[in-house]
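Welcome, and take a moment to look over the model below. This short report walks through it one topic at a time.

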Amino acid sequence: MRAVNTALEWITRLAFLNILWIFFSAVGLIVAGLFPATAATFAVARKWAMGQTDVAVFKTFWASYKKEFMKSNILGYLSLLGGYILYLDFVYLTVSPSNMTVILTIPFLIIGFIYVLTLFYVFPTFVHYDQKILQVMKNSFFVMIMNPLPTLTMLVGTFGISFILWNFQGLAIFFSMSVFAIVIMMPAQRAFEKINKKQAIYSRRQSLERLSK
């Protein structure tokens with residue numbers, strides 16, 4: 001009964017968080033509300049990933065939504081701009097009669113794949129660190145490169161959830177972005193903790209070296 005009760009609690013939390021994401025995206029008419037609502041969803045997911053399972057969902061969501069409204073929109077649309085540029089490159093490669101397009105296809109696919117993997121870390125990095133937007137995007141790339149296993153976990157988890165939602169589309173109202181945020185945020189949190197440990201070890205070594213001189 002305890003396991004059933006815990007499962008029902010998490011189902012309720014995820015459904016409530018997803019409804020908040022839909023509602024506040026709509027409040028901002030999607031154009032202005034989607035990215036702040038997404039950032040707020042990841043802010044709640046971050047608390048859960050850190051073990052703060054009793055956090056007030058609405059209070060945490062609303063605080064992040066208000067605080068990061070402008071910054072998250074800038075970050076989101078910069079990310080979209082990068083995707084749009086890649087899309088234009090894809091269109092060019094598919095319609096150009098030049099033989100060079102065959103040579104450029106493989107580099108394009110590699111760059112596109114790296115871009116998608118970097119996007120997995122954009123919002124987790126944004127809600128975890130207090131950084132400027134360009135730093136968030138740069139650090140998202142470096143965290144992705146340094147942590148292949150969490151990145152693979154995100155990729156597999158995202159495909160798995162997408163497959164389930166594609167076959168049971170009615171679940172998307174209650175379990176879409178909230179579940180994606182958990183699937184992405186938990187591996188990202190492990191990656192952040194791993195980086196923090198490495199930084200702590202490096203700082204300790206630096207301190208010992210200074211003391212030994």
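## How two helices cross

H2 passes H3 in a right-handed crossing. Handedness is read this way: a crossing is left-handed if the near helix is turned anticlockwise from the far one by less than a right angle, and right-handed if clockwise.

Now turn to H1 and H2, which pack at an angle of about 160 degrees with their axes 7 Å apart. H1 and H2 are therefore roughly antiparallel to each other. Here too the crossing is right-handed, with H1 passing H2. Two packed helices are described by the angle between their axes and the distance between the axes.

## What you are looking at

This is a predicted model, in which local features need pLDDT of at least 70 and side-chain atom pairs count only at pLDDT 80 or more, while totals for chains, interfaces and linings use all residues. Residues are numbered from 1 along each chain as its sequence is written, and side-chain values use heavy atoms, with hydrogens and water left out.

## The overall fold

How many helices and strands does the protein chain have? The count comes to 8 helices and 0 strands, where helices (H or I, at least four residues) and strands (E, at least two) are DSSP runs, numbered from the N terminus. Read along the sequence, the pattern is α-α-α-α-α-α-α-α.

The C-alpha trace of the protein chain spans about 65 × 65 × 35 Å along its principal axes. Of its 213 residues, 39% count as buried. Buried means under 20% relative accessible area, exposed means over 50%, and partly exposed lies in between (1.4 Å probe, protein chains only).

A search of the whole structure finds 2 salt bridges. The term stands for a side-chain nitrogen of Lys or Arg within 4 Å of a carboxyl oxygen of Asp or Glu. One of them joins the side chains of Arg13 and Glu9, at 3.9 Å from N to O. Arg13 and Glu9 both lie in helix H1 (residues 2–27), 4 residues apart, which is about one turn of the helix. Arg13 counts as buried because its relative accessibility is 17%, whereas Glu9 is partly exposed at 36%.

Arg13 also meets the side chain of Asp54 in a salt bridge, at 3.7 Å from N to O. This pair links distant parts of the chain, 41 residues apart: Arg13 sits in helix H1, and Asp54 in the loop between helix H2 (34–49) and helix H3 (57–67). Asp54 is exposed, with a relative accessible area of 70%. Salt bridges that share partners join Glu9, Arg13 and Asp54 into one network.

## A nonpolar patch on the surface

Which residues form the nonpolar patch on the surface? They are Ile74, Leu78, Leu81, Tyr84, Ile85, Tyr87, Leu88, Phe90 and Leu134, with about 880 Å² of accessible area together. Patches are made of residues with over 30% relative accessible area and no salt bridge; like charges are joined within 9 Å, and nonpolar side chains (Val, Leu, Ile, Met, Phe, Trp, Tyr) within 5 Å. Accessible areas come from the Shrake-Rupley method with a 1.4 Å probe, and for residues only the protein chains shown count as cover.

The largest share of the patch, 8 residues, comes from helix H4 (residues 69–95). Tyr87 lies in helix H4 and counts as partly exposed, at 47% relative accessibility.

## Residues to find along the way

Helix H4 also holds Ser72, which is buried with a relative accessible area of 0%. The C-alpha atoms of Ser72 and Thr12 are separated by 26 Å, and the two residues are 60 apart along the chain. Asn73 is in helix H4 and is buried too, with a relative accessible area of 9%. From Asn73 to Ile103, 30 residues apart along the chain, the C-alpha separation is 36 Å.

Leu109 and Asn147 are 38 residues apart in sequence and 21 Å apart in space, C-alpha to C-alpha.

Key:
Axes are lines fitted to C-alpha atoms, for helices over the stretch in contact, and angles run from 0 to 180 degrees between N-to-C directions. Angles under 35 degrees count as roughly parallel, over 145 as roughly antiparallel, 65 to 115 as roughly perpendicular and the rest as oblique.
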